[in-house]
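Trainee: I would like to work through this model with you, moving from its strands and helices to a pocket and some individual residues. Could we begin once it is on the screen?

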Amino acid sequence: MSQPGWYPDPYGTGSLRWWDGRSWSDRLNPEPPAPAPAPLPQRRPSGAAHAAAPPAERSWQAAPPAEQALDVVVHGLRLRADDHGVVYGSESLIWQYVEWVAYWTADGGDPARRPVQWIFQVGRHPFHGGPRVEVVLDEASVPRHAPGAVGGPEEVWGRLIRLCQVRAEPRLVAQLAEHVRAGESVDVAHGLTVHPGGVRGARVSLSWSAISGAVVDGGRVWIRQATGRGAVLYVPQQNPNAVLIPALLDRLRGTV
């Protein structure tokens, strides 16, 4: 095992433990119950009432219209994003050069509460040490009345993700699918291998005929079985390119 990521704890806690590429850390990530079998989520209507909805659920659907440019101050640093790229403080990336994406929410340890942080990351390989832009948003850093941030941190987070979905994600999904169709195995999200025969993770291997799709639920991207057994294979949403998995599986199923 060489890729950093969340893996089943070898010490038997029943949670996930972070592997940094060389050794197991003390960081644990409890595993939530698998979601009940259900249809994949549908696109939500556009508009102010839905602008803050978790965009991860829409990554594998048709791309939304181009998003209005973003210009706001976060933690005292200027955050700018448009159809060309994203700049935060001294860090910047052009969308066409982005090689991995990740976005998720943190709830402060209580899943029943509203998120306390909204995290957005894009970068280039290697994951540890390569160029990246990381934005951590919270209520204190982006007040809801701040110029350019009407709606607060969740709205800013959503606008960043929608730009990423239009300008970076379709290209990344197409590139990964091309490698698999060429007969290669690709590591997606530091925990899931997608190959011409299907997918495999730390615990489960599924052929393409056994896969019905994927869904984002509870901070994980779950792979659903075509049978009635529901979701049995997952990758933490915060792992790089985990949010691309639903679109990638949709593109590959029935074509390899």
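Predicted model: local features only at pLDDT ≥ 70, side-chain atom pairs only at ≥ 80, totals over all residues.

Trainee: Which strands does helix 1 lie across, and at about what angle does helix 1 run to strand 9?

Mentor: Helix 1, which covers residues 152-167, lies across strand 8, strand 9 and strand 10. These three strands form an open sheet with antiparallel pairing, in the order 8-9-10. The angle between helix 1 and strand 9 is about 25 degrees.

Trainee: Which are the edge strands of that sheet, and how many bridges join strand 8 to strand 9?

Mentor: In the order 8-9-10, strand 8 (100-106) and strand 10 (132-137) each pair on one side only, and they are therefore the edge strands. From one strand to the next the twist averages 5 degrees. Strand 8 and strand 9 (residues 117-123) run antiparallel, and the number of bridges joining them is seven.

Trainee: Which element gives the most residues to the lining of the second largest pocket?

Mentor: That pocket has a volume of about 350 Å³ and is lined by 19 residues, with E99, H125, L176, D187 and N241 lying nearest its centre. The lining divides into ten nonpolar, six polar and three charged residues. Helix 2 (169-181) and strand 11 (186-188) are the elements that give two or more residues to this lining. The element that gives the most, with five residues, is helix 2.

Trainee: Why is helix 3 described as largely enclosed by the rest of the structure, and which of its residues are buried?

Mentor: Helix 3 spans residues 245-252, and because six of its eight residues are buried, helix 3 is largely enclosed by the rest of the structure. Just after helix 3, G254 takes a positive phi of about 85 degrees. The buried residues of helix 3 are I245, P246, A247, L248, L249 and L252.

Methods
Residues numbered from 1 in each chain as written. Heavy atoms only, no water. Pairing = 2+ DSSP bridges. Helix = DSSP H or I, 4+ residues; strand = E, 2+ residues; numbered from the N terminus. Axes fitted to C-alpha atoms, helices over the stretch in contact; angles between N-to-C directions. Contact = heavy atoms within 4.5 Å. 1 Å grid on protein atoms, 1.4 Å probe; cavity = no way out; pocket = protein on both sides within 12 Å on 5 of 7 lines; lining within 4 Å. Points joined across faces, edges and corners; volume = space filled by probe spheres on them. Nonpolar A, V, L, I, M, F, W, Y, C, P; charged D, E, K, R; others polar. Buried < 20%, exposed > 50% of the residue type's maximum accessible area, 1.4 Å probe, protein only.
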